[in-house]
Every structure is written in C-alpha cells, then in structure tokens.
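Here is a short briefing to read alongside your viewer. Have the sequence and the coordinates open, and let's walk through a few spots together.

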Amino acid sequence: MDTAGISSDRLIKLDEVKRRVGLGKSMIYRLISESKFPAPYKISPLASRWSDREIAAWINDVKDGFEGKKRKL
C-alpha cells in the first residue's frame, strides 16, 4: 500500500493530552462542553482517545490567540 503524502494520526490518552496542553482533566472537559477543545473519540465503552493532529492544531490556535491575534516575535 502506497502511503506517500499521507501523514498518520496517532490517538493519544488523556494523560498525554494534559501534559501537552498544560491543562487538567476538568478544564479540558469544560472546554469540550463549550466547543473550544477537540472532543475525544470513544474507541470502546471505557476508553477515549484524542487525535494527535487535532491537539496540535488546537495548540497552534491558542498560540495565535482565540481572537486571532498573532504573538509579536
């Protein structure tokens, strides 16, 4: 199978999401309920995982500011 040009997307656990974004579980779920954070994928009745790509995109959006302001370098 040719996968040239296709980047893979890992599914990551809540602990890694918390570490990467610097927020706790309660704040993450609050932002999800406000549609301000990527929702997890339910991969089984007892397991949720987040898209690595979606988390990276959210981090980039936060760096640019929720109002679209770019940080001056």
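Which residues make up the largest nonpolar core? In this predicted model, that core has 11 residues in all: Ile 12, Leu 14, Val 17, Val 21, Ile 28, Leu 31, Ile 32, Phe 37, Trp 50, Ile 55 and Trp 58. At least two residues of this core come from each of helix H1 (14–21), helix H2 (25–33) and helix H3 (52–64).

**Inside the core**

**A nonpolar patch on the surface**
- Leu 11, Tyr 41 and Ile 43 form a nonpolar patch on the surface, and their accessible area together is about 290 Å².
- Ile 43 sits in strand S2 (residues 41–44).
- With a relative accessible area of 48%, Ile 43 counts as partly exposed, because that class runs between 20% and 50%.

**Around Ser 51**
- Ser 51 is part of strand S3 (residues 47–51).
- Ser 51 counts as buried because its relative accessible area is 3%, and the cut-off is under 20%.
- Its side chain makes a polar contact with the side chain of Asp 9 at 2.6 Å.
- The side chain of Ser 51 also reaches the backbone nitrogen of Glu 54, at 3.1 Å.
- Not counting residues up to four places away in sequence, Ser 51 touches Asp 9, Arg 10, Leu 11 and Tyr 41.
- Two of these, Leu 11 and Tyr 41, are members of the surface patch.

Notes. Residues are numbered from 1 along each chain as its sequence is written. This is a predicted model: local features need pLDDT of at least 70, side-chain atom pairs count only at pLDDT 80 or more; totals for chains, interfaces and linings use all residues. Side-chain values use heavy atoms; hydrogens and water are left out. A nonpolar core is a set of buried Ala, Val, Leu, Ile, Met, Phe, Trp, Tyr and Cys residues joined through side-chain atoms within 4.5 Å. Buried means under 20% relative accessible area, exposed over 50%, partly exposed in between (1.4 Å probe, protein chains only). Helices (H or I, at least four residues) and strands (E, at least two) are DSSP runs, numbered from the N terminus. Patches are made of residues with over 30% relative accessible area and no salt bridge: like charges are joined within 9 Å, nonpolar side chains (Val, Leu, Ile, Met, Phe, Trp, Tyr) within 5 Å. Accessible areas come from the Shrake-Rupley method with a 1.4 Å probe; for residues, only the protein chains shown count as cover. A salt bridge is a side-chain nitrogen of Lys or Arg within 4 Å of a carboxyl oxygen of Asp or Glu. A polar contact is a pair of N or O atoms within 3.5 Å; within protein, one must be able to donate a hydrogen and the other to accept it, and residues adjacent in sequence count only if both atoms are side-chain atoms. Contact means heavy atoms within 4.5 Å.
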